[in-house]
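The tour below goes from one selection to the next.

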Amino acid sequence: SQLADVPLQRTPRVKDVKNMLRAQKSADMYNSYSGRGWTHTTARGESFGPPRKLLEDGSLDVDYDTRFNSKILQVDYREDLFSKGKASGMRITVAVGNGKGLLGVGMTFHPRLREGLLEAKEYAYRQLVHFPMTEAGSIPYATRGRYHSTELHAIPTYSHQENKAQRVVKELLDLAGYKNVAVKLFGRNPVESVVKAFFVTFQNFETHQQQADRLGRYVVQFDPETYFMPTVLAKPKDDTKPVPFSAEIHESSQTIK
């Protein structure tokens, strides 16, 4: 009678165990706070907190600069050759930004994770760069940039759309404070090349007046919200000679012949 009261448990099958482990692995991969595009269990894509303030002598303060935030972009295990021989460690990349046009990226190679993250965040905070943007926080016009085999094409989008880009580029856009920007990546996508292509792409903007003076032509905008009525954004100076288009050069060469 006592044995009859004991509940019987079925021995799990090998198939059930495999399904359970597969489901647990999938949950560990996608239950992350990194955001869309970061599908792994490492710390890439997650916030690492604000950096420590810098004193006048260049040393670090005890307090943190809460105006800035940092994101981990890369944590890869590597073996590199140095002057003293082969060393094993992690290639770490951290970006720091204040969301108002200031952005810095630090890279380091360190054998320990936490010390490497702190070192990369300090490097990024020490070399902040200002990125130009419009009053609405977007880019003034479509542009492109290239670093070796990595190329970025950026265009401004409508005000109700969020930033759309590859995961590393999107983190950089958010930290810099850009809004309503869509970026398409072409070519290779290692983190180092993507970061350098981002700096090349978003540091080469000209104002509308600079464009008009350089080309010697009017800068006109056709906005679909105003039924594509042309709006003059800038006009060249009187002494500026217009730069001929390729079709005009071809037409003039045919006329001379």
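Buried here means under 20% relative accessible area, exposed means over 50%, and partly exposed lies in between. The model is predicted.

Select F131. By that cut-off F131 is buried, because its relative accessible area is 0%. F131 sits in the loop between β6 (129-130) and β7 (143-147).

F198 belongs to helix α5 and, like F131, is buried. The two rings form a tilted aromatic pair, 5.6 Å centre to centre with 50° between the planes.

What geometry does the aromatic pair of F131 and F199 have? It is edge-to-face, with the centres 5.2 Å apart and 65° between the planes.

Widen the view to the aromatic rings. The whole structure contains 8 aromatic pairs. Ring pairs join F131, Y141, Y178, F198, F199, F202 and F205 into a cluster.

Return to F198 and show its contacts. Leaving out residues up to four places away in sequence, F198 touches L103, F131, L152, V169, L172 and L173.

Next, display the largest nonpolar core, which has 26 residues. L172, Y178, F198 and F202 have the most contacts inside it. At least two residues of this core come from each of β5 (102-110), β8 (150-156), α4 (167-176), β9 (181-187) and α5 (191-202). Another core lies apart from it and has 8 residues, including I72, M90, I92 and L117. As background, nonpolar side chains tend to be buried together in soluble globular proteins.

Finish on α4. Is this helix mostly enclosed or open? The helix is largely enclosed by the rest of the structure, because 7 of its 10 residues are buried. The buried ones are V168, V169, E171, L172, L173, L175 and A176.

After the helix comes G177, which has a positive phi, near 100°.

Notes
Residues are numbered from 1 along each chain as its sequence is written. This is a predicted model: local features need pLDDT of at least 70, side-chain atom pairs count only at pLDDT 80 or more; totals for chains, interfaces and linings use all residues. Side-chain values use heavy atoms; hydrogens and water are left out. A nonpolar core is a set of buried Ala, Val, Leu, Ile, Met, Phe, Trp, Tyr and Cys residues joined through side-chain atoms within 4.5 Å. Buried means under 20% relative accessible area, exposed over 50%, partly exposed in between (1.4 Å probe, protein chains only). Helices (H or I, at least four residues) and strands (E, at least two) are DSSP runs, numbered from the N terminus. Contact means heavy atoms within 4.5 Å. Rings of Phe, Tyr and Trp (its six-membered ring) pair if their centres lie within 6.5 Å; planes under 30 degrees apart count as stacked, over 60 as edge-to-face and the rest as tilted.
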